[in-house]
Amino acid sequence: MAQSSQDSSVTKDGMTAAQAVDRIEAAAPPRPHDRRLHARGAVYDARFVPSGQVSQWTTAACLTAESEAVVRFSNGSGRYDADDRVRGVRGMAVKFLDADKGVMDLVAATFRVFPSHNPEGFIDLVEALGKAGTEGGLADRAKGKLAAAGKFATVLAQHPESRGALKSFAGQQAPASFATARYDGLHAFVLVDEAGERRPFRYRLVPQLGEVELDSAYGETLAPDFLIGDLDSRLATGPLSFTLVFQFAEPGDPTHDPSQAWPEHRPLIPAGQLHITARSAREDHWQQQVFDPTRLAPGVDLSDDTMVTFRRHAYSVSAERRLAP
Ligand code: HEM
């Protein structure tokens with residue numbers, strides 16, 4: 001589980017975080033002040049109530065005592081005008097706020113496994129999706145579809161590990177609500193206890209309302225950006241909750257590669273409940289912040305997964321650009 005000594009802002013094959021963001025921007029040209037992916041989102045206040053079931057494995061107080069948090073839900077597209085009614089990635093990012101309990105971010109999405117074992121494969125897919133979404137008239141869209149099909153074929157030839165993830169993703173419809181989707185963190189992290197004992201785990205956020213997909217006929221009656229309004233109106237009648245669940249690895253389970261699932265029968269332990277209460281009164285402030293999957297409280301550590309440290313740099317590049325005057 002040793003950390004690589006390689007500069008984590010550059011992939012093994014030489015792509016820098018800035019180049020990755022350049023390619024994301026070219027695939028779906030962003031509005032200047034938006035996130036380069038997950039552009040449209042809204043921020044909510046939340047409270048985490050621990051289950052007590054992971055306290056023996058970590059010294060992270062934010063996971064073992066009640067903590068204040070904010071949550072940003074998002075459509076995964078880099079286009080601010082992305083359509084919530086169609087299948088695609090949705091994101092849930094959590095920031096634990098109590099400094100005395102250790103600040104920490106969870107950044108999760110509706111993938112079950114990541115579609116690529118390296119950042120290049122992910123960027124290739126973003127480019128293929130960008131081609132598929134070509135704007136313009138019918139002729140342009142037909143051309144876009146052809147170009148996308150060609151690009152997808154190339155990506156799959158170069159990244160055979162993407163097949164399984166894309167197949168499972170193709171079977172997932174759009175969620176009916178941000179509150180009825182399951183969000184996975186995908187990367188392995190490590191819980192560290194008082195004695196320094198290390199236990200690799202992955203996290204997921206499971207909706208208390210269950211997973212409910214959008215009925216496509218009903219979807220036709222909704223606005224393309226219905227998800228945020230849906231959450232706001234559900235919250236008017238009370239909090240919405242998710243269970244933070246940890247999946248523990250067994251020896252031999254790959255911790256370096258988010259494109260490889262661990263067997264589903266690995267222990268799944270509820271770490272606690274995250275109760276989402278209301279739209280944040282400080283929305284503008286939180287929209288500007290970065291939710292960084294490598295921001296970890298003492299008692300939680302990185303694993304040997306280098307993609308997550310590359311993400312940290314890509315998120316900083318995106319933030320620098322979107323916050324530039
Ligand atoms: C090499 C892999 C990846 C790259 C290059 C990448 C890139 C990005 C970028 C540039 C942003 C915008 C950041 C900002 O401006 O603050 C972003 C946001 C986001 N990404 Fe990724 N990402 C990667 C993998 C993942 C994975 C594995 C997940 C989920 C497990 C994920 C979930 C999210 C979410 C939820 C957001 C929105 C966070 C927020 O609300 O602030 N990404 N990503």
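1. A polar contact is a pair of N or O atoms within 3.5 Å; within protein, one must be able to donate a hydrogen and the other to accept it, and residues adjacent in sequence count only if both atoms are side-chain atoms. On the side chain of Ser318, a polar atom is 2.5 Å from a ligand oxygen. For Arg72, a side-chain N or O atom is 2.7 Å from an oxygen atom of the ligand.

2. The model is predicted: local features need pLDDT of at least 70, side-chain atom pairs count only at pLDDT 80 or more, and totals for chains, interfaces and linings use all residues. Residues are numbered from 1 along each chain as its sequence is written, and side-chain values use heavy atoms, with hydrogens and water left out.

3. The iron atom of the ligand has Tyr315 (OH) as its only protein donor, at 2.0 Å (donors are N, O and S atoms within 2.8 Å of the metal, or 3.2 Å for Na, K and Ca; water is not among the atoms, so sites may look incomplete). Tyr315 belongs to helix H9, which gives the most to the shell around the ligand, seven residues (helices are DSSP runs of H or I, at least four residues, and strands runs of E, at least two, numbered from the N terminus).

4. The whole structure contains 24 salt bridges (a side-chain nitrogen of Lys or Arg within 4 Å of a carboxyl oxygen of Asp or Glu). One of them joins Asp124 and Arg23, with the closest N and O atoms 2.7 Å apart. Because Asp124 lies in helix H3 and Arg23 in helix H1, this pair ties together parts 101 residues apart in sequence.

5. Asp124 is buried, at 10% relative accessible area, whereas Arg23 is partly exposed, at 24% (buried means under 20%, exposed over 50%, partly exposed in between, with a 1.4 Å probe and protein chains only).
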